[in-house]
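Hi,

Here is the structure I promised to pass on. Please open it alongside these notes.

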Amino acid sequence: MPCGIALDSPRARPPLRRLRGEPSIRMIGKETMKEHFMRYVSIFALCLFALAVPRHSLAAELKTYGEGGVSISIPNTWKVFDQNMRDQVMRNSGGGKVLLLAEAPAPEFLKITVAEAPAGMNGLTSAILGEGTDEDIRKMCKGYIDMVNKAGQGKDPACGRAKIGKLYAVATSQRAEAEGPRPALGNSTWIFPRGGKSTVVTFLYKPGEKTKHQKLMQRILSTLVPGPDTAPQTPENTPRR
């Protein structure tokens, strides 16, 4: 696929071999996935209302935005929302830091959110994710799929491992039907685990237009620098409230 982005090969991978005490993908069960996604579902839901209707071109030049070691490039024709809007999203998200909110110009409808999750996934990193077996990934993703189905707010949830350049991410997607003022939307999210944190990139689009926007989303994702790995939180290094 273009830009080096592809779902991981279905071939079986060898079992993980790690030193005692080192984190493993098998530590990431469905409950951890549920907590991780429930924390950030409000970020993505708020974007449904916070951003207006979005014209983009694959030929458009890219402009890079970055903060705290995380950077990504988007077309320079896109509207980028200011700090006030990002602060509003953060206040309603229950945690996390929104690094970028942007949308393509009308008449196209494509939006992006880049956020940094304050808590990682039990020490999971891109490298460990890449070493996981197919069964590890299936078990990890079951939590996300169960959460979406139970909440009843999304349809056709999908989850798997994706490789973007040399990085591995947890890739998810779902669609939401129209409800009240909220339009029907499709949602594709990539979570880049970084030990004690995660970088989360989400695209929103009209249902049925994922294929239409796929090349541009892949082009943007290929520019992502997710930031350095950090130590997972422990009782010793967790800030007291």
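Below is what I found in it.

This is a predicted model: local features need pLDDT of at least 70, side-chain atom pairs count only at pLDDT 80 or more, and totals for chains, interfaces and linings use all residues. Residues are numbered from 1 along each chain as its sequence is written, and side-chain values use heavy atoms, without hydrogens and water.

Overall picture. The chain has five helices and 10 strands (DSSP runs: helices are H or I, at least four residues; strands are E, at least two; both numbered from the N terminus). Of its 241 residues, 47% count as buried (under 20% relative accessible area; exposed is over 50%, partly exposed in between; 1.4 Å probe, protein chains only).

Disulfide. The structure holds one (a pair of cysteine sulfur atoms within 2.5 Å). Cys141 and Cys159 form it, with their sulfur atoms 2.1 Å apart. It links distant parts of the chain: Cys141 sits in helix H4 (residues 134-151) and Cys159 in strand S7 (residues 155-164), 18 residues apart. The link is left-handed, with -60° about the S-S bond. Cys141 counts as buried because its relative accessibility is 3%.

Helix H2. This helix spans residues 83-91, and Met85, Arg86 and Val89 are buried in it. Seen down the axis, the buried residues of H2 fall within an arc of 100°, so they line one face of the helix (the arc is that of the directions from the helix axis to the C-beta atoms). On the other side of H2, Asn84 and Arg91 are exposed. At the start of H2, a side-chain oxygen of Asp82 reaches to within 3.2 Å of the backbone nitrogen of Asn84.

Best wishes

How values were computed:
A polar contact is a pair of N or O atoms within 3.5 Å; within protein, one must be able to donate a hydrogen and the other to accept it, and residues adjacent in sequence count only if both atoms are side-chain atoms.
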